[in-house]
Amino acid sequence: AFLVLPLTACTQMAVDPVPVAETPKSLWQQRQKQLTTFVDWDLKGRLAVRAGARSDSASLIWKRSGTEQEIQLLGPFGGGRIHISQNLDRAILANGAGQKLQGQSAEEVLFKAVAWSVPFTEMGYWVRGLPAPGKHDGIGLDYRGRARRLTQRGWQVEYPEYQTFQGVELPNRIVIRALPGTVPLDHGDPTAVDSISVKLVIGSWSGEPKAG
């Protein structure tokens, strides 16, 4: 006797495709597309700056809408209150004493006012976990496709923590350090040029980032 198996048993078996795991690089590419469109936002946090033996800190309120931005620094940083508004043409800084300064960028007028170097132009991208436009010297990713470190324009950026906001993971803490020779300006401290750091702890985000 022969055991005959029905051929239909083989032809009717459904084989599920093996799922392909997303790589950190592919997840990073998805994040870039998502966060590049997140251009209208407000954040609140704490900003600390150190240059050589000098250090200071302030509460930060930073609002961006397309190509315009407003930055407020509240507290001991610069004497109590600094307000910077910037558009494509110029930046204007006003302090608590009613004095005003004008320049091409937020970092320029801040340095004129209080001699602190804070790269706000690039930070408009770095705070979202993105490199600024142009060349960079590499991005370190974690397994979830999030930037953990990047180097760009003489600054080294690290992301120790992220937080989730409306389904989108955004940096919670950022540490930025100037590489030697990045800020060739005299801060009144001869050791300051090669030892500048900016630390930002973000307490809250608002805006409309979209998940997926």
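How many bridges join β5 to β6? Keep that in mind while you get your bearings.

**Before you click**

You are looking at a predicted model, in which local features need pLDDT of at least 70 and side-chain atom pairs count only at pLDDT 80 or more, while totals for chains, interfaces and linings use all residues. Residues are numbered from 1 along each chain as its sequence is written, and side-chain values use heavy atoms, with hydrogens and water left out.

Colour the chain by secondary structure: there are 4 helices and 11 strands. Both are DSSP runs numbered from the N terminus, with helices being H or I of at least four residues and strands E of at least two. Of the 212 residues in the chain, 39% are buried. Here buried means under 20% relative accessible area, exposed means over 50%, and partly exposed lies in between (1.4 Å probe, protein chains only). Among contacts (heavy atoms within 4.5 Å) with a separation of 6 or more, 47% are between residues 24 or more positions apart.

**Stop 1**

Select β5 (91-95) and β6 (100-103). These strands run antiparallel and are joined by 4 bridges; two strands count as paired if DSSP finds at least two bridges between them. Look for Leu93, which stands opposite Leu101 in β6. The hairpin has 4 residues between its strands, and Gly98 takes a positive phi near 90°.

**Stop 2: β2, β3 and β4**

Follow one row across: the bridge partner of Arg64 in β3 is Gln69, and Gln69 stands opposite Gln86 in β4. The hairpin of β2 and β3 leaves 2 residues between the strands, and Gly66 in the turn has a positive phi of about 65°.

**Stop 3: Trp62**

Stay in β2 and select Trp62. Is Trp62 buried or exposed? Trp62 is buried, with a relative accessible area of 0%. Show its neighbours, not counting residues up to four places away in sequence, and you will find contacts that include Trp41, Gln69, Ile71, Phe120 and Met123. Trp41 lies 21 residues from Trp62 in sequence, and their C-alpha atoms are 8.2 Å apart.

**Stop 4: the largest pocket**

Select Arg64, Thr67, Gln69, Gln86 and Thr121: of the 14 residues lining the largest pocket, these are the closest to its centre. The volume of this pocket is about 230 Å³. A pocket here is an open set of points on a 1 Å grid over the protein atoms alone, where a 1.4 Å probe fits, with protein on both sides within 12 Å along at least five of seven lines; lining residues have an atom within 4 Å of a point. Points are joined across faces, edges and corners, and the volume is the space filled by probe spheres set on them.

Which element gives the largest share of the lining? That is α4, with 3 residues. By class, the lining has 4 nonpolar, 6 polar and 4 charged residues. Ala, Val, Leu, Ile, Met, Phe, Trp, Tyr, Cys and Pro count as nonpolar, Asp, Glu, Lys and Arg as charged, and the others, Gly among them, as polar.

**Stop 5: helix α3**

Move to α3 (residues 106-114) and highlight its buried residues, Ala106, Glu107, Val109, Leu110 and Val114. Seen down the axis of α3, they fall within an arc of 165°, so they line one face of the helix; the arc is that of the directions from the helix axis to the C-beta atoms.

Next comes Ala115, in the loop between α3 and α4. Its phi is near 60°, a positive value in a residue other than glycine. Ala115 is partly exposed, with a relative accessible area of 22%.

**Stop 6**

Arg153 sits in the loop between β8 (147-152) and β9 (155-165). Phi of Arg153 is positive too, near 50°.

Finish at Ser204 in strand β11 (residues 196-207). Ser204 touches Asp42, Leu43 and Lys44, not counting residues up to four places away in sequence. Ser204 and Lys44 are 160 residues apart along the chain, yet their C-alpha atoms are separated by 5.4 Å.
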